[in-house]
Amino acid sequence: MTPAPQTALALDDISLAHVDFWTLPTREREGAFAKLRAERPVSWNEEFEYPGVPKGPGFWSVTRYQDVWTVSRSPEIFISGRGANIADLPIEMLEFFGSMINMDAPRHTKLRLLVNKGFTPRMVARIETMVRERARKIVDGVAPRGECDFVNEIAAALPLEIICEMMGIPPSDYRRIFELTNTILGVGDPEYASSLEELMTSSMELFQYAQTLGQARLERPGDDLTSALMQAEVDGQRLSPQEFGSFFILLVVAGNETTRNAISHGMKALTDFPAERRKWQGDFERYKTTAVEEIVRWASPVMHFRRTAAIDTEIGGQVIKAGEKVVMWYNSANRDAAKFDDPYRFDVGREPNEHVGFGAGGPHFCLGANLARREIAVMFEELFRRLPDIEISGPPDMLLSAFIHGIKRMPCRFTPVG
Ligand code: HEM
């Protein structure tokens, strides 16, 4: 059994809403979450302080697997319409930024149905081929060099190119889209965006980009998801340009920033646990499915989402009042020994593995889970094939965030080929 990480912090000093907590090394943070699961599984937290925004009223932190599962699957009690992130924003801004992730039934159901119509079998088949071609090109591009930045040149390149190509964005705009999504999800890390104003400016730019693209495809449809989404109808209704703009922001941000971190944490784990790597590399197909799920559990690229209690209720023995915010910590649930055998062991053959990396079920379960799984699997297949001795060669530079478990850059080396 791999020993559970420890923390030197006293229970009352674990402050999930303080920036200092998120600068601690991962093991130390994991130790704190282990202490919370054991001793105070549903705890009250003071709010984060954002420049220029009044401090919110605080939130409940849910850390055990079973409780996260229950919150996620009770959408009538724990609603999303007041926001899926911790900070409180006016309703209009919630929809603008978060689209369906900040909505409840029936609007959420309708929008999700419309969007599902865009993911036609033909579209999915096209994407599958595209992922393979792109992954090959990316790996071939770095192969002769013997070293590179794993995050930006390998892990980030694939999801960026796929989501952009899916949406019909021309390659000359990929870089700008990448910068804008970095700013949106990197808010809080001084390297990307330090204020809400910068966040708004980037979101507006993406929104306007989407409006122009959507209008162009409405007039002249092409073979891309934007065209499919602009044409799709549910009950005779189409996506309005406004709805499309917001959904576009959600899709490019969600499609870019998550998968890249799964791939990066995956490569780091395969370097840190060489026996697991040998196992997978020795029989790629046999472990493909389980290894990808384990990478997502291990990485937990999205660390939390929030709900709001619609009525007075209770979770894990804790009374929650109507209107109070409830945060599901997926990273903590994914290390819960009550659910996972030996949870701190990275095990490419782990089965069963009902992790909550893509959410814990319910109406908002990740729409891109299958695409992400495919991107991760194909990327490692191409890496093992072309650069079989690739390894991480220096410490990761971590994103300062309580939301995205991100790596900004991380060196890797391999025997040059080609
Ligand atoms: C490893 C990669 C990914 C991870 C870890 C991840 C994680 C998540 C999580 C935790 C949620 C919230 C689930 C909930 O509240 O129940 C979510 C929702 C969502 N994800 Fe992902 N995601 C990933 C990749 C993607 C990709 C590639 C796309 C798009 C192509 C995508 C699109 C979405 C969308 C649109 C939603 C909102 C769904 C809704 O509100 O109904 N995700 N994702």
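I began with R350, which is buried at a relative accessible area of 6% (buried means under 20%, exposed over 50%, partly exposed in between, with a 1.4 Å probe and protein chains only). The model is predicted: local features need pLDDT of at least 70, side-chain atom pairs count only at pLDDT 80 or more, and totals for chains, interfaces and linings use all residues. Residues are numbered from 1 along each chain as its sequence is written, and side-chain values use heavy atoms, with hydrogens and water left out.

**The loop between α15 and α16**

I located R350 in the loop between α15 and α16 (helices are DSSP runs of H or I of at least four residues, strands are runs of E of at least two, numbered from the N terminus). I found a polar contact of 3.1 Å between the side chains of R350 and E294 (a pair of N or O atoms within 3.5 Å; within protein, one must be able to donate a hydrogen and the other to accept it, and residues adjacent in sequence count only if both atoms are side-chain atoms). I also noted that the R350 side chain reaches the backbone oxygen of D341 at 2.8 Å.

In the loop between α15 and α16 I also placed P352; the peptide bond from E351 to P352 is cis, with omega near -5°. C366 lies in the loop between α15 (330-333) and α16 (369-386). I looked up the ligand's iron atom and found a single protein donor, C366 (SG), 2.3 Å away (donors are N, O and S atoms within 2.8 Å of the metal, or 3.2 Å for Na, K and Ca; water is not among the atoms, so sites may look incomplete).

The phi of S99 is near 50°, a positive value in a residue other than glycine, and S99 is buried at 1% relative accessible area.

**S300**

I noted a positive phi, near 35°, at S300, in the loop between α14 (284-299) and β5 (304-309). S300 counts as buried at 2% relative accessibility.

**N45**

I placed N45 in strand β1 (residues 42-45), buried at a relative accessible area of 5%. Its side chain makes a polar contact of 3.0 Å with the side chain of S61.
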